[in-house]
Amino acid sequence: LQMHGVEHRVLIPVHYRRVGSRIEFGGEFVIRQTDYALKPETVAGGTIKVNDKVAIRFHVVITIVK
């Protein structure tokens, strides 16, 4: 995964299933913003902070057309 000019290997567990002509893939993984030289945002002069960890979830559907 590359963001903000920084690249790290990420193990992404993927689940899949096939339903008729559709194949569905999905998964979730967590990264830390600071690992990619990103600074977590703050609001109200720093009294509200965003967590460094970010969960990335995805769902991809492929339909096979014959």
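Colleague: Why does Ile 64 count as partly exposed?

Modeller: In this predicted model, Ile 64 has a relative accessibility of 33%. Buried means under 20% and exposed means over 50%, with partly exposed in between, so Ile 64 at 33% counts as partly exposed.

Colleague: Where is Ile 64 placed?

Modeller: Ile 64 is in the segment after strand 7 (53–63). Together with Val 60 and Ile 62, Ile 64 forms a nonpolar patch on the surface. The accessible area of these residues together is about 210 Å².

Colleague: Why is Tyr 16 called exposed?

Modeller: The relative accessible area of Tyr 16 is 64%. The cut-off for exposed is over 50%, so Tyr 16 is exposed.

Colleague: How many aromatic pairs does the structure hold?

Modeller: The structure holds 1 aromatic pair. Tyr 16 and Phe 25 form that pair, 6.2 Å centre to centre.

Colleague: What makes the pair of Tyr 16 and Phe 25 tilted?

Modeller: The angle between the planes is 35°. Stacked requires under 30 degrees and edge-to-face over 60, so the pair at 35° is tilted.

Colleague: Is Phe 25 buried or partly exposed?

Modeller: Phe 25 has a relative accessible area of 28%. Buried would require under 20%, so Phe 25 is partly exposed.

Colleague: How do you know that strand 3 lies largely in the open?

Modeller: Strand 3 covers residues 14–19, and of its 6 residues the number buried is 0, so strand 3 lies largely in the open.

Colleague: What makes strand 3 and strand 4 a pair?

Modeller: Pairing needs at least two bridges; strand 3 and strand 4 (residues 22–32) have 6, in the antiparallel sense. Arg 22 in strand 4 is the bridge partner of Val 19. The two strands form a hairpin with 2 residues between them, and Gly 20 in the turn has a positive phi of about 60°.

Key:
Residues numbered from 1 in each chain as written. Predicted model: local features only at pLDDT ≥ 70, side-chain atom pairs only at ≥ 80, totals over all residues. Heavy atoms only, no water. Buried < 20%, exposed > 50% of the residue type's maximum accessible area, 1.4 Å probe, protein only. Helix = DSSP H or I, 4+ residues; strand = E, 2+ residues; numbered from the N terminus. Phe/Tyr/Trp six-rings, centres within 6.5 Å; stacked < 30°, edge-to-face > 60°. Patch = residues over 30% accessible without salt bridge, like charges linked within 9 Å, V, L, I, M, F, W, Y side chains within 5 Å. Areas by Shrake-Rupley, 256 points an atom, 1.4 Å probe, with all protein chains shown as cover. Salt bridge = Lys/Arg side-chain N within 4 Å of Asp/Glu carboxyl O.
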